[in-house]
Amino acid sequence: KHHTPITIITMAEESLHERLSNPARPVFLLGDVPPGEGTPPHKCSEIANKFVSRSRMLAADGYIVYDIQDEPGRTDEKRPFPFRRVMDSSTHAALLSNLSGRECLVYKCVADPNFESWLENNKTIGHTAINLVGRASSEGKYEGPTISEAMNIVEAKEDVHFGCVCIAERHTLEAAQQRGKTYPTEHVNMVRKIKAGAKWFISQAVYDAEPTIRLLKDYATLCKQKGITPSKVVLTFAPVSRKKTMTFIKWLGVRVPIETEELILSAEKPIEKSIEYLCDVLREILCECAGVGVPLGISCESVSIFKSEIDGVHELFRRLQTIMLDSSGTPWKVQWVEVMPPAGKIGDDAGGDDEGALVALDPSEKVRTLLLGIMVGTATVSLGVILGKGKHA
């Protein structure tokens, strides 16, 4: 007789920061950028609702909301897309959470003289997971705390948990030589951040498997030497369908091999070739890093507002999720389940005439809404990943 114990991965069982911290399960996230600064509240709600509606069929654990900075000191190269300031990441995250029932991982650049007041406001809104981003460059003058100071500030707060970024491009022999080092040290930075309280890492977009493989293996080895449990690394992927976006990806510091760029941009359908290539990159990483002991997750994002690339993100998410889950060797499926309705609403019954008014969510209510809430008539359902392990009896 064959029995199959089932574990359902839901928000009701774990909050987003718990799932990010849990080494026993993968995590799947979808990235978004806030609307431009000064966008009217009702338009912000429309933009958030469109994002939620488009992504409702994805079995994601939550959203990443980025904090976009100009980064003038990071490179001398001209920015392919003009910089535009965006609304605060925590405010947009509140809109997404209220509309979807999903929690958000909120990015925050520490180069902010009002960092501590932002942190308090973020906590009041109800976000418990933030991702700290350091200054764009060690050169120049920046206001606000350093990344080390910011980690100490957040670690001292109750009910707020943080992760950091990891950049595989720093973990190449070429990068080490440029810094006057004999070997790259990004894995050392990661361990230092774990000791400061970081519970997870989000990578920069991956277009070259080799630096990521080197980083994950060195990170695992150093953690073992130090007697530290590796924090989860969420690998980020962003599809590309045109040269201008590819140029922007590289401007952001992403390493794209020349042959890879030519392969994608010369294809009859570049977006499909990009998705196919990134799936192969993930397979290579999973194969080379199998057994090293670093828990992994997946994040997908579009770095442009080009429709084919936004649509490509959703297809890429589904394929990468399948590859990641298949690699675990554990049977799995996606299933709809009935859940509680979303705990907050935008505009309706908000106690005012402002169409874009925000209603802060009680964290205990947010986690009751599982992975995804969709109103279908009067029923709310959720799309979630179910894992099972077969046993013979």
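View 1. Residues are numbered from 1 along each chain as its sequence is written, and side-chain values use heavy atoms, with hydrogens and water left out. Strand β3 covers 28-32, and β10 covers residues 296-300. Three bridges join these two strands, which run parallel. Strands (E, at least two residues) and helices (H or I, at least four) are DSSP runs, numbered from the N terminus. Two strands pair if DSSP finds at least two bridges between them.

**View 2. Eight strands close into a barrel.** The order is β3-β4-β5-β6-β7-β8-β9-β10, with parallel pairing. From one strand to the next, the twist averages 30°. Helix α5 packs on the sheet and touches β6 and β7 (161-166). The direction of α5 makes about 165° with that of β6. Helix α8 (residues 209-226) lies across β7, β8 (200-205), β9 (232-237) and β10. Helix α8 runs at about 175° to β9. Axes are lines fitted to C-alpha atoms, for helices over the stretch in contact, and angles run from 0 to 180 degrees between N-to-C directions. Contact means heavy atoms within 4.5 Å.

**View 3. Strand β5 is largely enclosed by the rest of the structure, because six of its six residues are buried.** Buried means under 20% relative accessible area, exposed over 50%, and partly exposed in between (1.4 Å probe, protein chains only). Cys-104, Val-106 and Lys-108 point one way from β5. Leu-105, Tyr-107 and Cys-109 point the other way. Strand β4 (residues 62-65) is joined to β5 by three bridges, and the two run parallel. Val-65 has Val-106 as its bridge partner in β5. Four bridges join β5 to β6, again in parallel. Lys-108 stands opposite Leu-132 in β6.

**View 4. Leu-132 sits in the largest nonpolar core, which has 86 residues.** Such a core is a set of buried Ala, Val, Leu, Ile, Met, Phe, Trp, Tyr and Cys residues joined through side-chain atoms within 4.5 Å. Leu-132, Val-233 and Phe-237 touch the most other members. Helix α11 (residues 270-288) gives the most to this core, with nine residues. Apart from this core lies another, of 13 residues, among them Leu-16, Leu-20, Ile-64 and Val-234. Leaving out residues up to four places away in sequence, Leu-132 touches residues including Lys-108, Val-110, Phe-115, Ile-147 and Phe-162. In soluble globular proteins, nonpolar side chains tend to be buried together.

**View 5. Helix α4 (residues 115-125) has five named buried positions: Phe-115, Trp-118, Leu-119, Asn-122 and Ile-125.** They lie on the same side of α4, because they cover an arc of only 120° around the axis. The arc is that of the directions from the helix axis to the C-beta atoms. An α-helix has 3.6 residues a turn, so residues three or four places apart point the same way. The buried residues of α4 pack against α3 (89-100), β5 (104-109), β6 (129-133) and α5 (147-155). Just after α4, Gly-126 takes a positive phi of about 120°.

**View 6. Glu-158 and Asp-159 lie in the loop between α5 and β7.** Glu-158 counts as exposed because its relative accessibility is 60%. Glu-158 and Thr-128 are 30 residues apart in sequence, yet 9.3 Å apart in space, C-alpha to C-alpha. Asp-159 also counts as exposed, at 53% relative accessibility. The phi of Asp-159 is near 65°, a positive value in a residue other than glycine.

**View 7. Gly-38 lies in the loop between β3 and α2 (41-55).** Gly-38 is exposed, with a relative accessible area of 70%. Gly-38 and Met-87 are 49 residues apart in sequence and 7.2 Å apart in space, C-alpha to C-alpha.

**View 8. The mean pLDDT of the protein is 83, and 78% of its residues reach 70 or more.** pLDDT is the predictor's confidence in each residue, from 0 to 100. Over residues 1-12 the pLDDT is below 50. This stretch has 43 contacts in the model beyond near neighbours in sequence. Over residues 340-381 the pLDDT stays under 50, with 104 contacts beyond four places in sequence. Where pLDDT is low, the predicted coordinates should not be read in detail.

Notes
This is a predicted model: local features need pLDDT of at least 70, side-chain atom pairs count only at pLDDT 80 or more; totals for chains, interfaces and linings use all residues.
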